[in-house]
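Q: Can you walk me through this one? I'd like to go piece by piece.

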Amino acid sequence: GDATPFGLRALAERLVAEAAGLRLELAQGPLTPSLSLGGACLATSRSPADARALRVVVERLLTRARQRGPATLEIHAQPLQPGG
């Protein structure tokens, strides 16, 4: 099926929760990882330029999520339109 912002957010929330439930035993002591994720969906893709534009948007969203702190999601609420 097609990806949707709702489905993308649900997946991202599951990934963040899974990471929060991990505990890594390191020589320096235990570590609990966290994820910050950014994501968006394209309504349709007509050319490689559409994929490049999507990547630019996702990188901005990821930067925003990282700035907000650990275990943060920035998912674009609507599918992006090609060329928009």
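This is a predicted model: local features need pLDDT of at least 70, side-chain atom pairs count only at pLDDT 80 or more; totals for chains, interfaces and linings use all residues.

Q: Start with helix 1. How many residues does helix 1 have?
A: Helix 1 has 16 residues and runs over residues 5-20. Helices here are DSSP runs of H or I with at least four residues, strands are E runs of at least two, and both are numbered from the N terminus. From first C-alpha to last, helix 1 reaches 22 Å, close to the 22 Å expected at 1.5 Å a residue. The expected span is 1.5 Å times one less than the number of residues.

Q: Which residues of helix 1 are buried?
A: Pro5, Ala12, Val16 and Ala19. They cover an arc of only 65° around the axis, which puts them on the same side of helix 1. The arc is that of the directions from the helix axis to the C-beta atoms. Buried means under 20% relative accessible area, exposed over 50%, and partly exposed in between (1.4 Å probe, protein chains only).

Q: And what is on the other side of helix 1?
A: Phe6, Arg14 and Glu18 are exposed there.

Q: What about Arg9: buried, partly exposed or exposed?
A: Arg9 is partly exposed, because its relative accessibility is 32%. Arg9 touches Leu73 and Ile75, leaving out residues up to four places away in sequence. Contact means heavy atoms within 4.5 Å.

Q: New topic. What covers the buried residues of helix 2?
A: The cover includes strand 3 and strand 4 (73-75). The buried residues of helix 2 are Asp50, Leu54, Leu61 and Ala65. Seen down the axis, these buried residues fall within an arc of 45°, so they line one face of helix 2.

Q: What follows helix 2?
A: Gly69, with a positive phi near 120°.

Q: What reaches the backbone oxygen of Gly69?
A: The side chain of Ser36 does, at 2.8 Å. Ser36 is in the loop between strand 2 (29-31) and strand 3 (37-39).

Q: What else does Ser36 touch?
A: Besides Gly69, Ser36 touches Leu62, Ala65, Arg66, Pro70, Ala71 and Thr72, not counting residues up to four places away in sequence.

Notes: Residues are numbered from 1 along each chain as its sequence is written. Side-chain values use heavy atoms; hydrogens and water are left out. A polar contact is a pair of N or O atoms within 3.5 Å; within protein, one must be able to donate a hydrogen and the other to accept it, and residues adjacent in sequence count only if both atoms are side-chain atoms.
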